[in-house]
Amino acid sequence: MAAPLRTVAFLNVKKIINFPCLTLTKRRICGTNIANLNILKRRRTLFSQVEVLYSTTVDGKEHCNIGTIGHVDHGKTSLTAAITKVLAETNPKINKFIDYSSIDRSSEEQRRGITIFATHVSYETEKRHYCHTDCPGHLDFIKNMITGAAQMDGAILVVAATDGTMPQTREHLLLARQIGLERVVVFINKADIVDQEMLELVELEIRDLLEEFGYDSINTPVICGSALATLNGDEGKYGKPSVRKLTETVDSYIKVPKRNVDAPFKMPVESALSVPGRGTVLIGTISEGKVKTGDAMELLGFDKKIQTNIIDLQVFKKSVPECKAGENVGVLARGVKTDDVRRGMFLVKPNSKKLTNYFEAQVYALKPTEGGRTKPILNNYMQPMFMSLWNLEACVQFHANTPMIMPGETQKVNILLSKSMVVTEGDKFTIRENTTVLSGIITQALPMSEQSIVGFNKLRPIQMKIASGNSAVIAKREKNKKK
Amino acid sequence: MFVCNSVMVRWGRLTPVIRSVRRLCTQPEQEVIVDKAALSKLRKKTGFPMMKCKNALAQFNNDIKEAEKWMREMAQKEGWEKAGKLQNRPMSQGLVALLEVKSSCTLVEVNCETDFVARNEGFQELVVKLAQACHKNFTNGDLQKAVVAKEELNSLPADGKTLGDLVALTVGNLGENIALRRAAFLRNDQDTVISHFVHAAGPAMTKDGIKLGKFAAAVKLLVPNTEAIAQEVCQHIVGINPKEIGNWSAPVQDKKESKKKKQDPGVEDQPKEVYVEKRLFDQEFLLDSHKTVREYLQSNGPQVVDFVRLECGEDLGEE
């Protein structure tokens, strides 16, 4: 697409993608471009409040989502304020100091109809732009994972040196594992009021705990400092320098998964056009990988697997030899009929993705106040499931020992689809009756399930009645008689 | 200075401690160098906060046993102090516990601030202890059913302490506001049966035979003497001779049909047709001619006598 990658960051995905780019006349192309430019200008001013939705780069810098976990009284909020203070001093143009009282710890937000308690602060270091989230409870972190536009890349575990690790620090690390955090950075707070020996002991305790939960106990950085001292402007060892060191460590230690141009090619099909005399053109935005004309591809989805070749690639009505991730293209595919293609199918490199109708997901059942059900959900709940580009009937199957899900709860479940599709870890979906009942995120694609449920993914054979000459005539006469 | 004051109260143990206490009182910085290995050991053993372990060791000259003893005695008091500081914090999370034995069933709700603590083993152990203590207290009394609120509960005894003491100890340990909100009790009778259902927000949790979760319900059913009823039905079958069972749900049409038959203008020659009911359920019960067999069976089915439901964090319309 014409818009450079950085401005993509400001926009809601839906707004950009739904304009057809190939069969437009010149006037229409100009029209859509100008309309979008206006949107760009409007959104630019809202940037500081808008969560970065689509791209992983903002103004050329990498973007990263981190959170703070730890006991309520150990100073998570003070630390957040201290980080903004230190960064506001290094770079006052981009960063603003947000003091302790301005951070609303009981802020509630509505996302996709779900109420989440979360505090968001954003700031930038030399290397990256950060979106810093803090939630009061386990459930809020899970809800954030399910509804959040981007996954959390890392967390800062805050432990006060005066208390050491609390019994519930175990639960904090368990949560970090559950939301898929590979790396954590530890900050030992209140370090200025204890002595060196105690700090060492607390560090040892933390490393033991990290080991227990499968984190790298040797290489995980542990930084000692005092958020309060930093907020008071102390330049001593445990004051501002400690928080500066923390931001630098987070820059270097927490890894952000890059949009992989080396990954195998993958493109979701948004729409298809039939170009007379040439064939079918599949339109979509490449999510991973590279493609060039002549490559062999597979079209997967809705139980279908079609082998094809790429005859031509077009971006804005111009043929290009090669395209890569992030670009919106029209792909002219050989041997594909328009009837075979449906929105929601994937064009992938041969043998790189598998069709499956069974996957594991973390779901949240919406409360009646959020528009969900009042009654609990029982096993084998069958309702349509909506992903970004397609929807199918889905059967929600519980794991063992789960009799039901009450509204307001989150649970890991297995989902059986009525047709097999390409599913990727991290995809978000909703399951609706009339309103959204369940909101979820795919955690793992499972092998195809053999389950066959009549009326769901298996249709009863219909007996064909062939009217023979005589009986057909008689039946027609009777019908006419009644009239 | 807090350390000094509390130690001063214990006259019996001042002598070995007086030197270090004097030092603490006269000089703001502690002169006793706390042994790192001792601190590590004490902390691992007791799990008390780092700072408190260090202060204790400083007081008792690195004597781990004395320090531990002192800290355990102080834990109760400090628990109450912390509970006092935190008592106004809102508690929306927690757990519900259900203990059922054949003769009775006890449910308790314990609240805390975050769901991290609700998942913590230490908190769950507290909930189990509270459930056991409440159960013991209720079964010793003569209540049939009770739903008891906070104030009364906290003063119930448990192994020499009160329930309020147990809660305060855990508050000191976990650093969050914790409260035993309410408890419910159902006693079973001779001809009743009690059963329960506990819903946890994840996999089912059971500790020491006590089920933990977010919702719990207990029900008391009056169950019939099935053998006696079966015998009576057998007697009826011998006496009235049904040919088939019939439908469980009472058909409405049949009454009209049988009425119709009776209204038919009967020929005088033919003897009057008496409609004999061959279906068991519709026959008049032998031992009670006012009811059909169906009605008799329905009125002797299981009946709900009482039930209790506890939802953790429920809005009860309190302050």
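Analyst: We begin with a definition: a residue is buried under 20% relative accessible area, exposed over 50% and partly exposed in between, using a 1.4 Å probe and protein chains only. This is a predicted model, in which local features need pLDDT of at least 70 and side-chain atom pairs count only at pLDDT 80 or more, while totals for chains, interfaces and linings use all residues. Residues are numbered from 1 along each chain as its sequence is written, chains are lettered from A and ligands numbered from 1 in the order in which they are written, and side-chain values use heavy atoms, leaving out hydrogens and water.

User: What percentage of the residues in chain B is buried?
Analyst: Of the 319 residues in chain B, 42% are buried. Helices (H or I, at least four residues) and strands (E, at least two) are DSSP runs, numbered from the N terminus. Chain B has 12 helices and 13 strands.

User: How is the packing of two helices described?
Analyst: Two packed helices are described by the angle between their axes and the distance between the axes. Axes are lines fitted to C-alpha atoms, for helices over the stretch in contact, and angles run from 0 to 180 degrees between N-to-C directions. Helix H5 (residues 64-86) of chain B packs against helix H9 (residues 163-174) of chain B at about 80°, with the axes 7 Å apart. Angles under 35 degrees count as roughly parallel, over 145 as roughly antiparallel, 65 to 115 as roughly perpendicular and the rest as oblique. H5(B) and H9(B) are therefore roughly perpendicular to each other. Contact means heavy atoms within 4.5 Å. Among the residues making this contact are Trp80(B) of H5(B) and Leu169(B) of H9(B).

User: Which term describes how H3(B) and H4(B) lie to each other?
Analyst: The axes of helix H3 (residues 36-46) of chain B and helix H4 (residues 50-59) of chain B come within 10 Å and cross at roughly 125°. H3(B) and H4(B) are therefore oblique to each other. Their contact includes Leu42(B) of H3(B) and Leu57(B) of H4(B).

User: How do strands of a sheet pair?
Analyst: Strands of a sheet pair through backbone hydrogen bonds, either parallel or antiparallel. Two strands count as paired if DSSP finds at least two bridges between them. In chain B, strand S11 (residues 284-285) and strand S12 (residues 288-292) run antiparallel and are joined by two bridges. Phe285(B) stands opposite Asp288(B), and a hairpin links S11(B) to S12(B) through two residues.

User: In what order do the six strands of the barrel in chain A close?
Analyst: The order is S20-S25-S23-S22-S26-S27, with antiparallel pairing. The twist from one strand to the next averages 45°. Strand S20 (residues 356-365) and strand S27 (residues 436-446) of chain A pair over eight bridges, and Ala361(A) has Ile442(A) as its bridge partner in S27(A). H5(A) packs on the sheet, touching S20, S25, S26 and S27 of chain A, and its direction makes about 135° with that of S20(A).

User: Why is helix H5 of chain A described as largely enclosed?
Analyst: Nine of the 10 residues of this helix (residues 138-147) are buried, so it is largely enclosed by the rest of the structure. The buried residues include Phe141(A), Ile146(A) and Thr147(A).

User: Where does Arg112(A) lie, and which residues does Arg112(A) touch?
Analyst: Arg112(A) lies in the loop between strand S3 (108-111) and strand S4 (114-117) of chain A. Arg112(A) is partly exposed, with a relative accessible area of 38%. Not counting residues up to four places away in sequence, the residues touched by Arg112(A) include Ile146(A), Thr147(A) and Ser439(A).
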